[in-house]
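Please open the structure in a viewer in which residues can be selected by chain and number.

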Amino acid sequence: MTVKAWSKGGPMVRPTFFPTIAWGKWSLRFLAVSYLFLLIAVPIIVVSYKGFEQGLTVFWESINNRIAYSALKLSLRTSATAAVINTIMGTLTAYVLVKYRFPGKAIFNAFIDLPFALPTLVTGVMLVLLYGPQTIVGSFIEENTGHRILFAPPGIMLALLFVGYPFVIRTVQPVLMQLDLNQEEAAQTLGASNWETFWRIIFPAIRPAIIAGALLSFARGLGEFGSIIIVAGNIPMKSQTATVYIYAKVESGNMQAASGISLVLLAVAFTITVSIDFLRGRKHA
Amino acid sequence: MTIRLDHLVKKYGRQTVVNDVSLEIEQGELFVLLGASGSGKSTILRIIAGLTSLDSGSVQLNGRDVTRLSPQQRDTGFVFQNYSLFRHLNAAANIEFGLKVRKAPRKERQERVAELLRLIGLDGLGGRMPAQLSGGQQQRVALARALAPNPSVLLLDEPFGALDVKIRGQLRHSLREIQQQLQITTILVTHDQEEAFELADRIGIIERGVLLEVGTPAQLYRRPKHLYTANFLGTANVLNARRNGKTVYVDQVSLPAPSETEHLQNQAVHLVCRPEEIDLALEREQVSGSLIGRGRISNITFAGSLERATVQLIDVSAAKPLHVLLSPEKVRSLGAIPGQEVFVGIQDFHLLPFQEN
């Protein structure tokens, strides 16, 4: 077919030595690489330029002021805590989903993916309706513990737990399912208790997946905006996370300050994706 | 009696996979459970190890009723078809695993691992990860791992099924040696009758969850009690016959009945005869065994050391073609060619009660 097209329809089919297929290959590569470049690299370059435009001192000041620093710290702290909780509960959930049968399991399994698809603003609305100061649950907790849930760090935690929950489950679950059941049985016939079997056999096998899931959950938390702006409000030094801080700076037209914090988040995100890649690579080696 | 199974029953839904199986196995015996895939033989093995629950019946190991005990408490060594080594541990650590969970002292563990690595012929390879070992080596490690805590019984579930023919032969040989050296009571599950013959002290034939019969390889091959066994173990020629007095009638042909088939008096029977027990000759007088009439060679195929021929009987109507094994010498003296007419003699045969299949 290709040859015919090159020979311009004449009855003589002239063999061609043009490397047509190689051209196709190269143009495909060119297309893919330039798309990646335009879509991801260019914006990164621009934001880096903006961040450092007025020199290192200005960049340093844009992140090393009390408000920005506190926002960054709040983001890292809540994301890390949420990631730890999500990792423990997510691993547990994945284990239960793979190993046990219980009524309603299929529906439960389907519900896990909901935070992936749900607009996070909706998550925020749901949390406000449940824990807001005027609601039964919210006022009960505030009266009995003196702690406010909404417009405070606990509210951010709740939002991050919600949006990050599926990550660990969905990274650990497939690995658990592929695990050779006979390995566990071998451990048992050798005298290992269920607990020992988990720690010595199952856990080492799923550890890379758990770490990858934890990192994803952490990254998700760091980038979360929609639900936090609703549940946490925008109180500097108190409930303002890094993303909300960036939003506030953009709103007030201070792009330099927005770029500074953005670069920090970018660096963290990049470190995480590289780590996950490394984990995956090691698993296939 | 090291292993004693009493009326084991296991059902999955409405399907009975193990149907009232009772069995006794002696100390030091290597017993082979032989059956087609899906016959329930692996399930029996898993029930003994406690990996599969049973619906009724009991399991005794060394006189101890273990029916209600967990796999951890049963003191069995189990080897799986797919090796199932712990992927993140090296060969030595795999072997050591059972000793470690039993909290054996470090020095004792190291000595035992070294001893087992020698026993399985992998001295010096203890540091290799499973992925760096061949299939045969992995299965050797799996065997050593199962043996490490000195279990009272060794259970092997199709242990050589995933290996190629040559390695399989070597491993069978090593297994037999190790088993005899340690005198450990062993049950091996397989669907490979050659493997069963080579390894077994006794064989149990499993068909659709039922333990049909138990015997030494020679007993089951020469004097099976079931037509299924006869057909499952090698090739069997089966002719419809009738036993009257001391004579067996195959169509119009009469043969002297084997004396041990007295209980099949005056009834329809199957005459079962192995291919190597059939003799062909050009002259009536030269046939050894009992003459069953004339036959016509329909096919000859080369099968290595012997040649395989099929012979259609002429004097017996409605008989299926007989499978015959011929030595090269016999082939030469017959000048055997397809279409040739020969006299057919049966040297040894066996009778089984008639059953519709």
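**Before starting**

This is a predicted model, in which local features need pLDDT of at least 70 and side-chain atom pairs count only at pLDDT 80 or more, while totals for chains, interfaces and linings use all residues. Residues are numbered from 1 along each chain as its sequence is written, chains are lettered from A and ligands numbered from 1 in the order in which they are written, and side-chain values use heavy atoms, with hydrogens and water left out.

**Stop 1: chain B as a whole**

Select chain B, whose C-alpha trace spans about 75 × 45 × 35 Å along its principal axes. Chain B contains 9 helices and 20 strands; helices (H or I, at least four residues) and strands (E, at least two) are DSSP runs, numbered from the N terminus. Of the 357 residues in chain B, 52% are buried. Buried means under 20% relative accessible area, exposed over 50%, and partly exposed in between (1.4 Å probe, protein chains only). Among the contacts in chain B with a separation of 6 or more, 67% join residues 24 or more positions apart, where contact means heavy atoms within 4.5 Å.

**Stop 2: the cores**

Next, select Val32(B), Ile95(B), Val141(B), Leu143(B), Leu154(B), Leu188(B) and Ile203(B), the residues with the most contacts inside the largest nonpolar core, which has 41 residues. A nonpolar core is a set of buried Ala, Val, Leu, Ile, Met, Phe, Trp, Tyr and Cys residues joined through side-chain atoms within 4.5 Å. The elements of chain B that give two or more residues to this core include strand E3 (30–35), helix H2 (91–101), helix H4 (135–147) and helix H5 (165–182). H4(B) gives the most, with 6 residues. A second, separate core has 36 residues, including Ile44(B), Leu45(B), Val101(B) and Leu155(B).

Return to Ile203(B) and show its surroundings. Beyond its neighbours within four places in sequence, Ile203(B) is in contact with residues including Phe31(B), Val32(B), Phe197(B), Val214(B) and Leu220(B).

**Stop 3**

How many of the 11 residues of H2(B) are buried? The number is 9, so H2(B) is largely enclosed by the rest of the structure. Among these buried residues are Asn94(B), Ile95(B), Glu96(B) and Phe97(B). The buried residues of H2(B) pack against H10 and H11 of chain A, together with H3 and H4 of chain B.

Axes are lines fitted to C-alpha atoms, for helices over the stretch in contact, and angles run from 0 to 180 degrees between N-to-C directions. To see the contact, select Glu196(A), Arg200(A) and Ile201(A) in H11(A), which meet Phe97(B), Lys100(B) and Val101(B) in H2(B).

**Stop 3: two further helix pairs**

Remaining in chain A, select helix H10 (residues 181–189), which packs with H11(A) at an angle of about 130°, their axes 10 Å apart. H10(A) is thus oblique to H11(A). Gln183(A), Glu184(A), Ala187(A) and Gln188(A) in H10(A) meet Asn194(A), Thr197(A), Ile201(A) and Ile202(A) in H11(A).

Then select H4(B) and H5(B), whose axes come within 11 Å and cross at roughly 20°. These two helices are therefore roughly parallel to each other. Residues at their contact include Leu143(B) and Leu147(B) in H4(B), and Leu171(B) and Ile178(B) in H5(B).

**Stop 4: two single residues**

Select Asn19(B), which lies in strand E2 (residues 15–25) of chain B. Asn19(B) is partly exposed, with a relative accessible area of 36%. Not counting residues up to four places away in sequence, Asn19(B) touches Leu8(B), Gly209(B) and Val210(B).

Finally, select Ala257(B), in the loop between strand E13 (253–256) and strand E14 (267–273) of chain B. Is Ala257(B) buried or exposed? Ala257(B) is buried, with a relative accessible area of 17%. Leaving aside neighbours within four places in sequence, Ala257(B) is in contact with Arg243(B), Lys246(B), Thr247(B) and Val248(B). The C-alpha atoms of Ala257(B) and Leu351(B) are separated by 8.4 Å, although these residues are 94 residues apart along the chain.

Technical notes: Angles under 35 degrees count as roughly parallel, over 145 as roughly antiparallel, 65 to 115 as roughly perpendicular and the rest as oblique.
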